[in-house]
Amino acid sequence: MKAASRRPVVIIGAGPVGVMAGLLLARHGVRSLLLERHRDIYPLPRAVVVDDEIRRILQSAGVHEEFAALARPAPGLRLLDAGRRVIAEFPRSMHGHHGFPQTSMFDQPELERLLRDALARRPECELWSGVEVVSVTQSVARDTDGPNDPTGPVRVTLRRDGSDEEEHLWADAVLGCDGAGSLTRDAIGAVWEDLHFEESWRVIDVRTSRPVRTWEGAEQICSPTRPATFMRVSEDRYRWEFRLADDQNLEGPDGWERLRELVAPWVDLPPDASPGNDFEVVRQAQYTFRARLADRWRSGRVFLLGDAAHLTPPFVGQGLCAGLRDAQNLTWKLARVLQRGAREGLLDTYERERKPHARHVIRVAVAVGWAMTGGQDRGAAFRRAVVGTACRIPGVTAAVGRDLSPALTAGPLVRRRPRLAGRMLAGTFCPQPWVRHDGRRVRLDDVLGESFAVLTAVPPTAQMTAVATALGAPTIRVDDLGDDGTLAGWLARGRADAVLLRPDRVVMDTVPAGTSDFTDTVAWAPLLHTARHTADARPA
């Protein structure tokens, strides 16, 4: 057995969520080691869509320009009936709240490759491939200040390259990004909560030069007998997903003919055609779509992210998005604890903020799946009619789109006090317009940097300056940014003179219009280890 070594953070799993966590930690100066059992990235497509919030996270990781070169913006989602008549349409903007197209199609292997390339450029990150993690053990706490605060190091036992010899690593924190069959989830004693959706679907990825009858967005066919999903991924790449009966497999001598019949509404394949260069099946896979949520996401310094913490049916394209949001939410908090002595209680806010958000997204996905399949009883057609009628009410489809990423629930880092001006901004994201900086046109986050920031529409007060100094945050006047009025209008609608933005660009605190102070420094300052710097900051 080899001698154990010590690492700041060990990340188990080098899929897109694990690699993103490593990149974001590196942005905050935290070193990490990624352990991956496969020798290389999985070469076949899986996830195919992200939203504008995820594009913003890719920006923070420094890869948004590379991603833009391989992504295709899409106009949204349509629900169609069995005759392919539109029941409802959910349009998506080409310039969303976060400064990017609200829907982008892509090929997951291409995304993983550019993330891996970015990881290789960061000296703070190291990747070990061909490594099997055997166990994760949280050491007994010495001093605790809460139920989740055993702060001792975590031991990770592994084997390399098929060897039977075990090695040990000690880490200040372990991030379990190891998928639905997560060993890390078992290690912390977490179990699944079943959110009551489970269906078996066939996913078919195709490359073809044939003419395809397609809307540029995603299509969901709502049918109790043969629900389906269809989308164009790239110039010549398409994806179909079908819920098939057990006896409707696509293997064997009749499989090609069955596939030809399935795709007939979109593309014409002659009866004598066969798989080939003009219609290449890149992948066929049978998946069981499930809706599940781990009952706990943390034990001490061991955390669950991505599919290890939640499973989302794919009907609203939020599976990968949810995992990347996990990485964004956790990494800046972990960096604050490891590097600046913030309290362990700060890490409790990860599950407290992300779990209700993930539950909501799963429920939206299940609701769309329910609208697609609807069951086969007498009420199925009526229920689909109700969905169609509701979606024709002005504002409903826009609200559904917004609710894919609702405001974070109230907590120590998200304060919403009743009857207080500015409260509606707390827990929401700051918009990201184009601004002018040093004579250049750039996105807002490129000016804000990687830490906290104070954004104000009025001259900074003494308390604003004290808060900014304590957090090492820049104080920026919106009038000096030269945007199109987006930021000033956003603050005015939120009845706030200034906001304090977290590193993930969520509003943590506000200065209500007509006042001079942030409202809740007494709540968040101790968690961030800034109480001694904000003694003169008066809570409202």
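## Basis of the description

Because the model is predicted, local features need pLDDT of at least 70 and side-chain atom pairs count only at pLDDT 80 or more, while totals for chains, interfaces and linings use all residues. Residues are numbered from 1 along each chain as its sequence is written, and side-chain values use heavy atoms, with hydrogens and water left out.

Leaving aside neighbours within four places in sequence, Leu175 is in contact (heavy atoms within 4.5 Å) with residues including Val9, Ile11, Leu25, Phe303 and Leu334.

## Aromatic pairs

A search of the whole structure finds 16 aromatic pairs, where rings of Phe, Tyr and Trp (its six-membered ring) pair if their centres lie within 6.5 Å, with planes under 30 degrees apart counted as stacked, over 60 as edge-to-face and the rest as tilted. The rings of Phe230 and Trp266 have centres 5.3 Å apart and planes at 35°, so this pair is tilted. Phe230 lies in strand S14 (residues 228-232) and Trp266 in the loop between helix H6 (255-263) and strand S16 (279-294), so the pair ties together parts that are 36 residues apart in sequence. Phe230 counts as buried at 0% relative accessibility, and Trp266 counts as buried at 3%; buried means under 20% relative accessible area, exposed over 50% and partly exposed in between (1.4 Å probe, protein chains only).

Phe303 and Tyr350 form an edge-to-face pair, 6.2 Å centre to centre with 75° between the planes. Phe303 lies in strand S18 (residues 302-304) and Tyr350 in helix H8, so this pair ties together parts that are 47 residues apart in sequence, and both residues are buried.

## The loop residue Thr312

Thr312 is placed in the loop between strand S19 (310-311) and helix H7 (319-340), and is buried, with a relative accessible area of 17%. Not counting residues up to four places away in sequence, Thr312 touches Arg290, Gly319, Val361, Ile362 and Ala365.

Key
Helix = DSSP H or I, 4+ residues; strand = E, 2+ residues; numbered from the N terminus.
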